[in-house]
Amino acid sequence: MDIELKVTTQLFFEEFRQVILSDYRLARISREVSILGRKEVLSGNAKFGAFGDGKELPQLAMAKVFKRGDFRSGYYRDQTFMMAIDALTVRSFFAQLYAHTEVQAEPAAAGRMMPAHFATRFLDEEGRWKVLIEQNNSSADISCTAGQLPRLLGLAQASKVYKQLKTLEKTHSAFSRRGDEVAFGTIGNASTAQGLFWETINAAGVLQVPIVLSVWDDSYGISVPNSYQFAKENLSTLVAGFQRTSSENGLEIITVEGWNYTALVKAYAQAEKIARREHIPVLVHVSELTQPQGHSTSGSHERYKSKERLEWERTYDGLKKFREWILDFELTYDHKILRIADIAQLDQIDLEAKKYVREEQKVAWEAFRSPIQTMRQEALALLQEILVAFPEKKLLKVQVEKLSTSFELTKKCVFSTVRQSLYLLAGIQAPQKDRLLEWFESRYSKERSNYSSHLHSLSSQASIRVTEVLPTYADEAQEVDGRIVLRDNFDKLLETHPDLLIFGEDVGKIGDVNQGLEGLQAKYGEIRVSDTGIREATMIGQGIGLAMRGLRPIVEIQYLDYVLYALHTMSDDLACLHYRTRGGQKAPVIIRTRGHRLEGIWHSGSPMGGLLHFLRGILILVPRNMVKAVGFYNTLLTADEPALVVECLNGYRLKEKLPSNLGAFRTPIGQVETTRVGRDITIVTYGSTWRVVTQAAEVLSNLQIEAEVIDVQSLLPFDLQHNIVKSLAKTHRLAVIDEDVPGGASAYLLQKILEEQNGYHQLDSQPITVTAKAHRPAYGSDGDYFSKPSVENVVEKVYCLMHEAKPMCYPLLN
């Protein structure tokens, strides 16, 4: 809509007028949602609220240029935009505020995300992709400031890939119209102080991808003004160096006042045209915005804003200025003065908006409470039956009265009462108790699913459903460096998977630092095998966005230590994406890295314990050699889950036989492998340490100790068939060898084996661990020897265990 067009017909003006009034109506509805939402939190009906009041006008303008097939990557102020693109209803907004766990009521997250965290569903109920070009798409929000931006980069880059790779036009027609899509991002002004903002806009300028990134600038970050956020108080001035020129790439930068409706409409029309037609990233700095209710329900902005600032915000409230513009607007046509609306008409819209929001909130509240009320009534009826049968149970009567009269109506209240009531019935056998137990187990199982399902894929493409295919070898199979196995397999994968992209530092021209991709950029082109700058967080973001749009990226992080630079994006976004959308979105990114043993503090760290804690929801695979690694890559490209594959850093020059079925054999995920059979002790390990353990087992054999060696292979998931405990049933002793720090991954392994698999029942001796020292490994071969588990460390500790068990058979070594 170009509001500068001359009015040439009465009909044109009427259409124009209806567009304006529709925008005003939606803005008023959104504002009423913010007002009522805050009241619901403060009244105790909801836990927390952060709303989009004050940001209505720029979001309306942005929605005008958002097309089906486009993507949003934003944050928790964008309710007006989401309503404007028909991706959010008032009812579903309140359902999320109350944490309603039904997908039909709250399709973004089924109550798992905090309020105002928006998402649309990319997948159907079977976990299959929908036709994304036919819907308005919003990737799932995260609370962490600026965390949405790395993903934005990948969402935009996908358009560039689809535009350039013509071979994907038919096979991926559900994902793109030849790269015509724009990725729209939003961020608050204070969050632009985060490194992820700068890393993303720099990468966007390098890649030249179709992004429209809006900064909602209301001059504060909670209580902290812009003067504390930026070196220069005006963000536009600060980012000016990124402005593109006739001779240099960069961004287009547009600055516009957030209360100026007509200027906003023009600004977004310009931004969208540049991004969509030229594939140039555009930053729209929307300044002079307000936040009428303050940052959130956690506090009041009157505590930190001056009277002058508060008065300015009342004067420049976007809705107030929009209303003034509508009332002042007039055109002369055919000797008539044409106006959009008068005060009475706008007042009527205001009243209707308030009434509509209140009605939708009531419906949402009732839909949320009714099932819980039914649950409470069912529980009370069963508890009353027990009270009739056992009137002497006075404490049970207290529990029942507490539940029946409690003002609080939550699932927690119901289940807590039932469980504590069952404590009081310990030892009692009665049909009434049986009925309560049956009800509890059925209901609790459903609620457990409501809150815990979809950490991993449940689709037919789930990784654990991919069947194993063993490598095959010719009679005279060539022995080659491990890197050759990788290189030749990646060659086969790039040939057979036209949507496969591999990128990272030093990946393209030189074929990665260990030559595992040697020559593949020359063969397949820079789009498919490419170098990146040193920016791990946005590399992962590229992978997430590309995978969300149907492509299959492998992101290479050069060393395991460097994963820490991307840990925020991997943990807060990728790892919980499938979970937090309850199966509504997925991003099957493969993250390739190398680690464990080398030389020195920064290239031989093994922070596996930390990764295991932070990355639940991402597969963590630790192959002992390159054939196993290749099998994992083949498996993952058949599956639909994100994964981190840690190759052995000291394995690229070790000789391995070259399989004849490259690209086809698959290493199973979640299965251990017994690589040496023994009777005396089970030694569990993974990755590079497997070689140490294998050598130690030979030494132990010479000392009359036969160790059974088990390679874990997959840390997340871990030993799904419980084969380790089967080994313990034979050996009755356990050693865990791990080159992480003491209590790192070894603690995880022990919990899995001893508690989850009930391995402690099989033990005749205390389980032992051999780990790296608590410090990082020192430099040099000697530093490695004294910092990491050595053959002698393993031998001596295992022998000592056997000495304690059978001192006559195994006398002290010294």
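Where is Pro717 found? Select it in this predicted model and you land in the loop between strand S22 (714–716) and helix H23 (723–731). Now show the backbone: the peptide bond from Leu716 to Pro717 is cis, with omega near 0 degrees.

Stay in this loop for the next stop. Select His722, which also lies between S22 and H23. Its phi is near 55 degrees, a positive value in a residue other than glycine.

Next, move to Ala99, in the loop between helix H4 (90–97) and strand S2 (137–138). Here is another positive phi, about 65 degrees, although Ala99 is not a glycine. Ala99 counts as partly exposed, at 31% relative accessibility.

For the last stop, select Lys163, Lys166, Arg177 and Arg178 together. Which kind of charge do they gather in a patch of? The patch these four residues form on the surface is one of positive charge. Zoom in on Lys166, in the loop between helix H5 (149–164) and helix H6 (168–171). Lys166 has a relative accessible area of 53%, so it counts as exposed, the class for values over 50%.

Methods: Residues numbered from 1 in each chain as written. Predicted model: local features only at pLDDT ≥ 70, side-chain atom pairs only at ≥ 80, totals over all residues. Heavy atoms only, no water. Patch = residues over 30% accessible without salt bridge, like charges linked within 9 Å, V, L, I, M, F, W, Y side chains within 5 Å. Areas by Shrake-Rupley, 256 points an atom, 1.4 Å probe, with all protein chains shown as cover. Salt bridge = Lys/Arg side-chain N within 4 Å of Asp/Glu carboxyl O. Lys, Arg positive; Asp, Glu negative; His and termini not counted. Charge placed at Lys NZ, Arg CZ, Asp CG, Glu CD. Helix = DSSP H or I, 4+ residues; strand = E, 2+ residues; numbered from the N terminus. Buried < 20%, exposed > 50% of the residue type's maximum accessible area, 1.4 Å probe, protein only.
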